[in-house]
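The report below goes through a two-part task: how the chains meet, and how each is built. Please look at the sequence and the model before reading on.

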Amino acid sequence: MYLQHISLKNFRNYLRLELDLPQGVTVVQGRNAQGKTNLLEAIAYLATGKSLRALTERELVHWLAFEQEPIPYAEVAGDVLRDGIVTRLRIVLTQQGGRGSGSGLRKVVMINGVRQRAIDLLGILPIVLFLPEDISLVSGPPSARRKYLNLLLCQIDREYCSHLDAYTKVVTRRNAQLRSFQGKRPDPTLLAFWNDALVEHGTYIIHRRQEIIARLDELVREQHRILTAGHGRLRVEYRPSLTLIPPSTQVPKAQLALALAKEPVAYTPPPILPPHKIRKRFQETLNTLQREEIEAGATLVGPHRDEMAFLLDGRDVRTFGSRGQQRTVALAVKLAEVQLIEEALGTSPLLLLDDVMSELDEERRARVLHVVRQVPQAILTTTDWDVFDADFLAHAYCLQVNEGILTEKTPDTP
Amino acid sequence: MSDPIERTIEAFSRLPGIGPKTAARLTYFLLRAPNDVALDLADALKALKEEIHYCRRCFNVAQGELCSICADPGRDQHTICVVEEPLDIVAIERTGAYRGLYHVLHGAINPLANVGPEDLRINELVERVQKEEVREVILATNPNMEGEATAMYIARLLEPLGVRITRLAHGLPIGGDLEYADQQTLAQALEGRRPIS
Ligand SMILES: [Zn+2]
């Protein structure tokens with residue numbers, strides 16, 4: 001699978017762009033704020049139907065479009081080649097009611113010229129995007145890790161995406177319903193409906209997160225081992241907000257300590273609970289929490305409060321890790337993600353690395369470039385050609401970006 | 001608020017889907033237009049509120065005590081199709097695939113908008129099912145989360161009354177309004193309705 005062509009109209013700082021992309025490595029060099037990240041963002045937008053940086057889609061439209069186009073719009077389109085078949089993806093954002101109407105943007109997604117839902121884009125152009133701020137995946141709040149899990153799972157499982165969408169809607173409605181019960185006798189029929197809906201969609205999400213984190217745990221540990229030459233043992237742990245294994249059935253602490261003392265290296269990850277057991281636990285927990293939830297006017301348990309932890313020799317990297325350790329873990333996670341998508345979709349993702357090299361030491365750069373050479377297509381941005389050696393650049397397609405205009409470039413021409 | 005221009009703008013902006021800009025545009029349009037354009041509108045609105053009200057049986061719009069459907073003895077008196085709005089009846093009637101009666105809830109359960117079962121014509125529906133000779137209740141609320149919540153709620157309420165309770169088949173655009181579904185899709189959804197358990 002690879003992206004053959006990308007076309008932008010009024011997207012961010014690109015007024016017009018038509019770009020053929022080769023297989024293998026493309027390097028885009030430019031000073032800050034010239035459009036390096038915007039190009040990667042456009043590709044990620046096409047791949048997922050969502051902007052990973054903008055708060056509103058309005059930000060994606062070039063400001064000149066609002067002043068000069070009769071009907072302001074922005075467009076991203078791309079041709080994806082897989083197994084000899086080209087799929088044309090296209091997203092158009094149009095100002096409703098024409099220029100100056102001040103109303104919202106209309107988003108139209110087309111696949112091979114036919115209108116589709118945004119969710120239908122998922123999986124056609126799988127990507128792994130790594131931005132410098134992605135260190136927040138390790139150092140940031142729990143929401144950053146949930147966002148990461150959601151994006152990964154959505155790309156490999158559309159059903160997850162529709163359950164996630166429904167779950168999010170259920171939570172807001174259920175919260176409002178809980179508030180409406182405050183100071184009253186709750187309507188058992190209504191409560192049952194929102195509980196069932198929460199459990200139905202939540203169970204799917206929890207089940208898939210269990211599976212994906214169990215696999216991430218193995219893959220990230222291996223990547224981390226290679227990146228650090230075996231310094232420290234990394235584990236990725238799922239910390240679901242719903243207690244999946246009730247305390248009574250957990251191994252008593254003393255017994256556990258004994259087991260650990262006998263065999264210090266052995267670690268058995270928690271068992272993956274089947275959906276029917278998750279469903280049962282979820283229902284039971286909601287029943288015991290009913291009064292508390294009504295009082296809080298909020299859903300207190302479920303995937304929207306899940307957490308994932310990175311443990312280096314048993315210590316949480318988020319709290320105890322150095323900046324350097326956190327960055328290495330984030331990199332290991334991204335490299336593992338490449339493998340995970342390959343396993344799930346049977347095709348390698350397009351790797352998008354935004355100015356990642358400058359932050360890394362020699363050895364880690366070499367490791368990243370090793371993976372970059374293995375995937376069928378990678379696009380790297382940089383402010384500085386010097387972070388790559390001449391041999392690497394000689395085999396790459398090199399571009400330079402200046403105020404939203406791309407030009408072909410050979411590194412030796414000044 | 002005595003300035004007629006301001007009053008008209010204010011009145012228009014209370015309508016759904018009309019912002020202050022559109023309200024002002026409509027107001028100045030009426031001001032410039034020939035007299036009868038504005039006066040016809042005023043008359044139609046007055047008649048709408050004075051002559052049209054809700055059917056006392058099914059809460060569809062009606063000119064008399066009963067709506068034209070409830071007043072028609074040729075309709076199948078044993079089936080009730082439950083919809084959110086009178087406009088949904090128009091959509092279903094257009095398909096020609098349904099010959100029974102209706103019941104209009106005038107909304108759907110929506111906790112975000114603070115609409116609960118007590119704000120809808122649900123008690124009246126239960127009463128009808130108890131008093132009339134109803135054999136089947138078709139729940140034709142919208143295929144979105146609010147419509148689904150309403151359908152499940154009514155289904156649980158009617159369960160002990162021993163009527164057949166069905167829901168429109170899937171295939172309607174999810175999250176959409178019945179009102180906008182095309183005739184063929186809607187007819188198929190009615191045809192393929194399934195019992196709710
Ligand atoms: Zn009637």
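The text takes the sheets of chain A, then a helix pair, then chain B and the interface.

This is a predicted model, in which local features need pLDDT of at least 70 and side-chain atom pairs count only at pLDDT 80 or more, while totals for chains, interfaces and linings use all residues. Residues are numbered from 1 along each chain as its sequence is written, and chains are lettered from A and ligands numbered from 1 in the order in which they are written.

**Sheets of chain A**

Helices (H or I, at least four residues) and strands (E, at least two) are DSSP runs, numbered from the N terminus. Two strands pair if DSSP finds at least two bridges between them.

In chain A, six strands make an open sheet with antiparallel pairing, and their order is S2-S1-S4-S5-S6-S7. Its edges are strand S2 (14–20) and strand S7 (114–116) of chain A, each of which pairs on one side only. From one strand to the next, the twist averages 20 degrees; angles run from 0 to 180 degrees between N-to-C directions, and axes are lines fitted to C-alpha atoms, for helices over the stretch in contact.

| Strand pair | Bridges | Bridge partners |
|---|---|---|
| S1(A) and S2(A), antiparallel | six bridges | A:Ser7 and A:Glu18 |
| S5(A) and S6(A), antiparallel | seven bridges | A:Val92 and A:Val108 |
| S6(A) and S7(A), antiparallel | three bridges | A:Met110 and A:Arg115 |

S6(A) and S7(A) form a hairpin, with two residues between the strands. In the turn, A:Asn112 has a positive phi of about 50 degrees.

Helix H1 (residues 36–48) of chain A lies across S1, S2, strand S4 (73–82) and strand S5 (85–95) of chain A. The helix runs at about 110 degrees to S1(A).

Chain A also has an open sheet of three strands, in the order S9-S10-S11 and with antiparallel pairing. Here strand S9 (234–239) and strand S11 (315–316) of chain A are the edge strands, each pairing on one side only. Strand S10 (residues 307–312) of chain A is joined to S11(A) by two bridges, and the two run antiparallel. A:Leu311 stands opposite A:Asp316 in S11(A).

**A helix pair in chain A**

Helix H4 (residues 142–156) of chain A packs against helix H10 (residues 323–345) of chain A at an angle of about 30 degrees, and the axes are 10 Å apart. H4(A) and H10(A) are therefore roughly parallel to each other; angles under 35 degrees count as roughly parallel, over 145 as roughly antiparallel, 65 to 115 as roughly perpendicular and the rest as oblique. Their crossing is right-handed, a term for a near helix turned clockwise from the far one by less than a right angle, with anticlockwise being left-handed.

H4(A) contributes A:Leu152, A:Gln155 and A:Ile156 to the contact, and H10(A) contributes A:Glu337, A:Ile341, A:Ala344 and A:Leu345. Two residues are in contact if their C-beta atoms, placed from the backbone, lie within 7 Å. The residues of this contact divide into five nonpolar, one polar and one charged. Ala, Val, Leu, Ile, Met, Phe, Trp, Tyr, Cys and Pro count as nonpolar, Asp, Glu, Lys and Arg as charged, and the others, Gly among them, as polar.

**Chain B**

Chain B has seven helices and seven strands. Along the sequence they follow the pattern α-α-α-β-β-β-α-β-α-β-α-β-α-β. The C-alpha trace of chain B spans about 60 × 35 × 35 Å along its principal axes.

The domain assignment, whose bounds come from an automatic or database source, gives chain B domain 1 (4–51) and domain 2 (58–195). The C-alpha centres of these two domains of chain B lie 32 Å apart.

**Where the chains meet**

Which residues of H6(A) and H6(B) meet? Nine residues of chain B are in contact with nine residues of chain A. On the side of chain B that touches chain A, six residues are nonpolar, two polar and one charged.

Helix H6 (residues 188–228) of chain A and helix H6 (residues 145–158) of chain B have axes that come within 10 Å and cross at roughly 135 degrees. H6(A) and H6(B) are therefore oblique to each other, and their crossing is right-handed. From H6(A), A:Thr189, A:Leu190 and A:Phe193 meet B:Ala149, B:Met152, B:Tyr153 and B:Arg156 of H6(B). The residues of the contact of H6(A) with H6(B) divide into five nonpolar, one polar and one charged.
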